[in-house]
Protein chains: 2
Amino acid sequence: MAVYTEVSDEELQAFLREYEIGEMLSLKGIAEGVENSNYVLHTASGYYILTLYEKRVDPADLPFFLGLMEHLAEAGISCPVPIKGRDGSALRELCGRPAAIISFLDGLWPKRIHPWHCQRLGAALAELHLAGESFQIRRDNALSLDGWRGLVDTCEGRADEIEPGLAGLIRQELNFLEANWPSDLPEGVIHADLFPDNVFFVGERLSGVIDFYFACNDFLAYEIAVCLNAWCFESDASTFNATKARMLLQSYQSVRPLSEAELAALPILARGSALRFLLTRLYDILNHPPGAYVTPKDPREYCRKLRFHQLVKGPGAYGLG
Amino acid sequence: MAVYTEVSDEELQAFLREYEIGEMLSLKGIAEGVENSNYVLHTASGYYILTLYEKRVDPADLPFFLGLMEHLAEAGISCPVPIKGRDGSALRELCGRPAAIISFLDGLWPKRIHPWHCQRLGAALAELHLAGESFQIRRDNALSLDGWRGLVDTCEGRADEIEPGLAGLIRQELNFLEANWPSDLPEGVIHADLFPDNVFFVGERLSGVIDFYFACNDFLAYEIAVCLNAWCFESDASTFNATKARMLLQSYQSVRPLSEAELAALPILARGSALRFLLTRLYDILNHPPGAYVTPKDPREYCRKLRFHQLVKGPGAYGLG
């Protein structure tokens with residue numbers, strides 16, 4: 001939970017003069033979110049989200065992120081739409097930080113995942129992948145295979161502080177993935193952080209997807225593997241729920257069928273995805289400033305998920321017939 | 001900044017079934033606020049604030065607080081209105097805590113105080129005092145003279161850790177106040193925590209007053225003294241701005257004239273109010289759990305304010321002719 005930057009009423013008033021969204025009526029900092037400062041903004045024309053991009057977002061990437069949201073929304077995907085100012089630009093500066101106003105998207109993220117959530121997610125994910133095909137800007141995934149070695153080098157020395165044997169697990173897994181990572185799967189724009197807190201539901205309807213600030217180009221099936229990890233384990237990460245996985249995969253395929261090569265690659269992509277979140281959580285917990293507002297997530301959850309996928313023989317383990 | 005209790009979508013859905021405010025659309029935790037957990041709630045009928053009362057609020061006081069807001073709103077004061085459920089009650093339970101839904105009040109609290117803010121505040125405060133006259137429930141001020149001795153006894157031993165000589169200052173001031181505190185001033189319902197973050201403005205209009213969870217019965221002029229301290233010092237608390245005080249007092253008196261006795265008592269009431277916030281801030285900083293989300297406020301700001309009022313000879317120091 002975090003709001004890193006306090007916006008004064010005078011600064012906000014000057015900022016809003018660049019927009020045609022009416023008089024400023026209210027601004028409330030949102031407690032959720034760990035990367036940026038987010039506010040619910042109410043003006044005479046309605047409710048919006050005001051985001052100030054903090055130091056973990058590279059300003060050079062913002063045209064990609066904001067452009068992607070606009071592109072996806074135009075293609076019919078329910079996601080926040082950047083609001084353009086009088087100058088036609090959606091990106092400007094507030095309190096010395098890059099800032100943007102985006103539309104307010106209704107919905108709550110599910111705290112407890114039911115199979116039907118995974119079913120809704122699968123189709124929405126496939127639609128997002130199809131809609132991304134025509135997006136022209138490209139952004140490499142800094143947190144894919146090439147980026148993992150740097151994280152391993154940084155964290156390896158202290159990994160056993162978190163769990164004995166963790167350094168060895170990580171090193172061996174990285175070696176395996178580097179030797180076996182696929183190279184010829186369909187690529188496209190992926191959200192890359194499609195955890196339950198970034199997917200909103202109103203009742204049983206998936207109402208939208210938020211937080212595109214890790215989006216990048218990578219294998220589309222890699223994103224499915226991220227979702228298998230984020231949505232299909234029971235909450236203690238000890239049990240994989242094949243029903244949820246089957247719902248997700250069948251629903252995805254009803255919109256975008258997976259090739260044989262993509263299906264065959266799912267286990268290794270799931271191992272890679274597990275290692276990716278294991279490594280970033282490990283980095284965060286080892287480099288967590290004492291007294292910081294944000295509680296780091298437990299990397300050991302992703303050790304357990306990784307060990308599950310290491311034993312998987314084929315995509316059948318994910319509920320496919 | 002704080003949200004202490006996480007509300008699941010399922011718990012919220014069951015809670016909202018007790019109301020007639022339409023389908024649940026969105027819930028976002030608000031970062032501001034240190035006593036309770038607050039959320040912006042969006043339903044099919046509009047935007048609301050959902051509050052979960054955390055441990056610093058005595059549940060037995062909630063009928064007073066919620067009843068007062070309803071009473072004031074009916075009397076034309078712009079403040080949040082408790083929303084009643086199907087059973088006619090505005091107070092129920094969510095996640096094991098007392099909880100209420102109140103109306104969403106537009107406005108931003110002023111980060112930098114201009115004299116015109118004080119002018120708007122004065123009249124609004126007097127209107128609030130008049131509107132409170134007909135409120136039937138009574139709640140003693142636990143943080144008035146009688147309560148200060150207990151805080152002094154608790155904090156005195158460690159006060160000099162914060163500022164050398166602080167224990168002596170506090171003890172002497174308490175003795176003075178106990179010997180000289182007035183006893184026969186007009187009483188009524190006061191807000192008792194009317195700091196700038198509890199007063200909202202839209203443009204130059206005071207749009208409302210929030211957070212009645214310290215409200216109680218006390219001298220009406222004591223509340224003016226609280227506001228002199230909270231609104232009329234420059235930000236480093238070293239300079240008292242008599243223009244702001246004059247604006248506040250004149251504007252208050254345009255709605256509710258102060259008696260000679262009330263005016264004469266302002267300096268001692270201002271000393272008492274300064275001691276009250278000095279003591280609670282001192283208590284909070286001495287008992288602050290390490291790693292807590294909320295940063296305690298500096299009690300020394302109120303040492304400086306107290307020392308200013310100790311030198312005041314009469315109400316003329318507050319900008320009156």
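Domain bounds, as used here, come from an automatic or database domain assignment. The structure is a predicted model, in which local features need pLDDT of at least 70 and side-chain atom pairs count only at pLDDT 80 or more, whereas totals for chains, interfaces and linings use all residues. Residues are numbered from 1 along each chain as its sequence is written, chains are lettered from A in the order in which they are written, and side-chain values use heavy atoms, with hydrogens and water left out.

In chain A, the assignment gives domain 1 (9-103) and domain 2 (115-318), and the C-alpha centres of these two domains of chain A lie 27 Å apart. Their contact (heavy atoms within 4.5 Å) takes 21 residues from domain 1 of chain A and 22 residues from domain 2 of chain A. Between the two domains of chain A an area of about 1800 Å² is buried, 73% of it given by carbon and sulfur atoms; buried area is the accessible area (1.4 Å probe) that two parts lose on being put together, summed over both. Of the area that domain 1 of chain A buries against domain 2 of chain A, 32% is supplied by F64(A), F65(A) and H71(A), more than by any other three residues. The count of salt bridges between these domains of chain A is 2, where a salt bridge is a side-chain nitrogen of Lys or Arg within 4 Å of a carboxyl oxygen of Asp or Glu. The side chains of R56(A) and D284(A) meet in a salt bridge, at 3.6 Å from N to O.

Between the chains, 36 residues of chain A are in contact with 36 residues of chain B. The area buried between chain A and chain B is about 3200 Å², with carbon and sulfur atoms giving 59%. Across this interface of chain A and chain B the rule finds 2 salt bridges, and a salt bridge joins the side chains of R112(B) and E10(A) at 3.8 Å, N to O.

Within chain B, the axes of helix α3 (residues 115-132) and helix α7 (residues 242-255) come within 7 Å and cross at roughly 30 degrees. Axes are lines fitted to C-alpha atoms, for helices over the stretch in contact, and angles run from 0 to 180 degrees between N-to-C directions; helices are DSSP runs (H or I, at least four residues) numbered from the N terminus.

Note on methods. Helix = DSSP H or I, 4+ residues; strand = E, 2+ residues; numbered from the N terminus.
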